[in-house]
Amino acid sequence: MAITLYKKQKQVYDFICQYIQRNDFAPTLKEIAEAVGVSSVATVHEHIIALEQKNLIRRSRGKSRALELVNRTYIRLTDSIDLPITGYLTSGAPIAPYIDQNATFKVSPEIVSGKKRAFVLEVRGESLLNDQIKDGDMVIVEEIEEVGEGEVVVAILDGGLSTLKRYFKEESRVRLEAINGEGLPIYALNITIQGKVVGLVRKFG
């Protein structure tokens, strides 16, 4: 039977899985809170209880790193970690949900910092071809809302349209430029940052 996870529960569970794969031990509640952008450890504890009730994790009482995955195997740090594939990215269109909600993609643990939840978007179409990003490429994203100047981000514009651009903060607006610096920039007053792009994987064949 399929298990339903709400958005924040999924973020917490993904991060726990990624952290254990990377470090071979579980994160603390404080580390989880910082990773998924929750201000209260008590709120994280509520999500942990919900995941435990859904038989996805178990807790050992009295330990700071007391979380274990239930019925899930994972590959050690020296191999790879599994990141969830959450959707299809087409620049200028809303991000479409991925067909298989349980799909994952293996990446080297060195690609991600391990401090934030990471996920994968599959590029669809040729809208990013000028930036040498092709149809079928897998974009690896760390879920972070505050990014530095010139970093490549997945941004959501007004109307829910998505784009993959370099981020620059101006006095009263945001400037989004093509990764290769060519073409006209996009100027916006309000955008939502889905995350910072930390890698791209291209499958051949």
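## A residue to start from: Asp24

At 41% relative accessibility, Asp24 counts as partly exposed; buried means under 20% relative accessible area, exposed over 50%, and partly exposed in between, with a 1.4 Å probe and protein chains only. You can find Asp24 in the loop between H1 and H2. Helices here are DSSP runs of H or I with at least four residues, strands are DSSP runs of E with at least two, and both are numbered from the N terminus.

The backbone of Asp24 is worth a look too. Its phi is near 70 degrees, a positive value in a residue other than glycine. For background, most residues other than glycine have a negative phi, and most peptide bonds are trans.

## About the model

This is a predicted model, in which local features need pLDDT of at least 70 and side-chain atom pairs count only at pLDDT 80 or more, while totals for chains, interfaces and linings use all residues. Residues are numbered from 1 along each chain as its sequence is written, and side-chain values use heavy atoms, with hydrogens and water left out.

## The whole chain

The protein chain has 3 helices and 12 strands. Its radius of gyration is 18 Å, close to the 17 Å that the globule rule gives for 205 residues, so the chain is as compact as a globular protein of that length. That radius is taken over C-alpha atoms, and the globule rule is 2.2 Å times the number of residues to the power 0.38.

Along its principal axes, the C-alpha trace spans about 55 × 45 × 30 Å. Of the 205 residues, 43% count as buried. Contact means heavy atoms within 4.5 Å. Among contacts between residues at least 6 apart in sequence, 59% join residues at least 24 apart.

Helix H1 covers residues 7-23, and at 1.5 Å a residue its 17 residues should span 24 Å; the end C-alpha atoms are 24 Å apart, which agrees. The expected span is 1.5 Å times one less than the number of residues. How much of H1 is buried? The count is 13 of the 17 residues, so H1 is largely enclosed by the rest of the structure.

In helix H2 (residues 29-36), the residues Ile32, Ala33, Ala35 and Val36 are buried. Seen down the axis of H2, its buried residues fall within an arc of 165 degrees, so they line one face of the helix. The arc is that of the directions from the helix axis to the C-beta atoms. What do the buried residues of H2 pack against? Their partners are H1, helix H3 (41-53) and strand S2 (67-69). After H2 comes Gly37, whose phi is positive, near 75 degrees.

## Rings and charges

The structure holds 3 aromatic pairs. The rings of Tyr19 and Phe25 have their centres 6.0 Å apart and their planes at 70 degrees, so this pair is edge-to-face. Rings of Phe, Tyr and Trp (its six-membered ring) pair if their centres lie within 6.5 Å; planes under 30 degrees apart count as stacked, over 60 as edge-to-face and the rest as tilted. Tyr19 counts as buried at 10% relative accessibility, whereas Phe25 is partly exposed, with a relative accessible area of 40%. Ring pairs link Phe15, Tyr19 and Phe25 into a cluster.

Charged groups also meet rings. The charged end of Arg173 sits over the ring of Tyr187, 3.9 Å from its centre, and the charged end of Arg175 sits over the ring of Phe168, 4.4 Å from its centre. A charge sits over a ring if NZ of Lys or CZ of Arg is within 6 Å of the ring centre and within 35 degrees of the ring normal.

Asn55 is in the loop between H3 and strand S1 (57-59). Its phi is near 60 degrees, a positive value in a residue other than glycine, and Asn55 counts as partly exposed at 46% relative accessibility. Ile99 belongs to the loop between strand S4 (96-97) and strand S5 (104-107). Ile99 is exposed, with a relative accessible area of 72%.

Lys203 lies in the segment after strand S12 (192-201) and counts as exposed at 52% relative accessibility. Which residues does Lys203 touch, not counting residues up to four places away in sequence? They are Phe105, Gly136 and Met138. The C-alpha atoms of Lys203 and Lys30 are separated by 36 Å, and the two residues are 173 residues apart along the chain.
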